[in-house]
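Reader: I am new to protein models and would like to learn how to read one. Could you take me through it step by step?

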Amino acid sequence: MGPVDFYYTVKPLVPRKAQVFLRRRLAEFKRNRYRHHWPINHSLGDAPEKWSGWPENKKFALVLRHDVDTQKGYDSIPLLIDIEKQYGLKSSFNIVPERYNVYPEILEYIREQGFEINVHGLKHDGKLFKDITIFNQSAVEINKYLLEWDSRGFTAPSMICNLEWLHKLNIDHSTGTIDSDPFEPDPTPSTTIFPFTVNHHNNGNFFIEMPLTMPQDHTLFIILKEKNISIWKKKLKWIVEKGGMALMNTHPDYMSFSDKKCGPEEYPVSLYTEFLEHVFSHYIGMFWNTQPDELARFWKLKYPPAQ
């Protein structure tokens, strides 16, 4: 049994408070051990071969994604959309089909506002990639939701993923890897801050993988207990210098949208809005705010799969 399987086997037996406590202690150790590679791994900043830049000569791509892990997060989607609309930004919401009540009216509201819907696993129980049989069975159901929701994108729960298996899904793009993050259950890096094409060697299928390149909010504010966005600013500055893709994944589940004291696994949504304000105050006119579907189309034209 590998470390990821062990984690999800014992996880249901451990109280949530104890889980968070243990993750924080482990994160303290990892933060010191990987201090030269996180939040920035300087070896991962090279552009792909024959790179000629982003559309409209923008300096970098800004991709905002939201994993929606719980009912609380799902019910908060309209609040987050309202915030991003104030800045003229668009993002995507990654929905778990079989973990909470997926109300059709919220899905419709996401579409009406011009935001994107992607599928976030199936049950978010840590078992999807446990073995190929489980994945193949789940893939049938995931493809049904992709069709029903008119979605072409997939995001891996807890960033546990097998890119080769994803060819069973009817997708154009995926987010299942990280450029550099030792705090995830499966911290295998993608080795780049740019998208890349994943080919299937047997049937010719391919999709565009878009690795996370910005630290996740839960990692920063819940596990590491950061009180400001200095790490986000630092990482973004480096990505801009390299002309890469700033792919930010945040969770409405952990955002507090009220003035009340934050719960033990919440942070004020003002930290996220502060990041958006920082982007506009320091990088106005420099970024291409794109959604995964549009980015996948761009990348397929720029880097078609090898024949």
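Author: Gladly. Let us begin with the names of the pieces: helices (H or I, at least four residues) and strands (E, at least two) are DSSP runs, numbered from the N terminus. This is a predicted model, in which local features need pLDDT of at least 70 and side-chain atom pairs count only at pLDDT 80 or more, while totals for chains, interfaces and linings use all residues. Residues are numbered from 1 along each chain as its sequence is written, and side-chain values use heavy atoms, with hydrogens and water left out.

Reader: Where is His124 found, and is His124 buried or exposed?

Author: Buried means under 20% relative accessible area, exposed over 50%, and partly exposed in between (1.4 Å probe, protein chains only). His124 sits in the loop between β3 (116-120) and α6. Its relative accessible area is 15%, so His124 is buried.

Reader: What should I look for in the backbone?

Author: Most residues other than glycine have a negative phi, and most peptide bonds are trans. His124 is not a glycine, yet it has a positive phi of about 55°. Asp150, also not a glycine, has a positive phi of about 55°. Asp150 is in the loop between α6 and β4 (153-155), and it counts as exposed because its relative accessibility is 69%.

Reader: Which residues does a cis peptide bond join?

Author: Trp38 and Pro39, with omega about 5°. Pro39 belongs to the loop between α2 and β1.

Reader: How do I read contacts around Asn41, which residues does Asn41 touch?

Author: Contact means heavy atoms within 4.5 Å. Not counting residues up to four places away in sequence, Asn41 touches Ser180 and Trp238. Asn41 is in the loop between α2 (16-33) and β1 (60-68), and with a relative accessible area of 15% it is buried.

A polar contact is a pair of N or O atoms within 3.5 Å; within protein, one must be able to donate a hydrogen and the other to accept it, and residues adjacent in sequence count only if both atoms are side-chain atoms. The side chains of Asn41 and Ser43 are joined by such a contact of 2.6 Å.

Reader: What is in contact with Ser91?

Author: Leaving aside neighbours within four places in sequence, Ser91 is in contact with Leu64, His66, Glu84, Phe115, Glu116 and Gln291. A polar contact of 2.6 Å links the side chains of Ser91 and Glu84. Ser91 lies in the loop between α4 and β2 (92-95), and counts as buried at 0% relative accessibility.

Reader: How are helices α4 and α5 packed?

Author: Axes are lines fitted to C-alpha atoms, for helices over the stretch in contact, and angles run from 0 to 180 degrees between N-to-C directions. Helix α4 (residues 77-86) and helix α5 (residues 104-112) pack at an angle of about 10°, with axes 10 Å apart. Angles under 35 degrees count as roughly parallel, over 145 as roughly antiparallel, 65 to 115 as roughly perpendicular and the rest as oblique. That makes α4 roughly parallel to α5. Ile77, Pro78, Ile81 and Asp82 of α4 make the contact with Ile106, Tyr109 and Ile110 of α5.

Reader: Which residues have the most contacts inside the largest nonpolar core?

Author: A nonpolar core is a set of buried Ala, Val, Leu, Ile, Met, Phe, Trp, Tyr and Cys residues joined through side-chain atoms within 4.5 Å. The largest has 88 residues, and Ile95 and Phe129 have the most contacts inside it.
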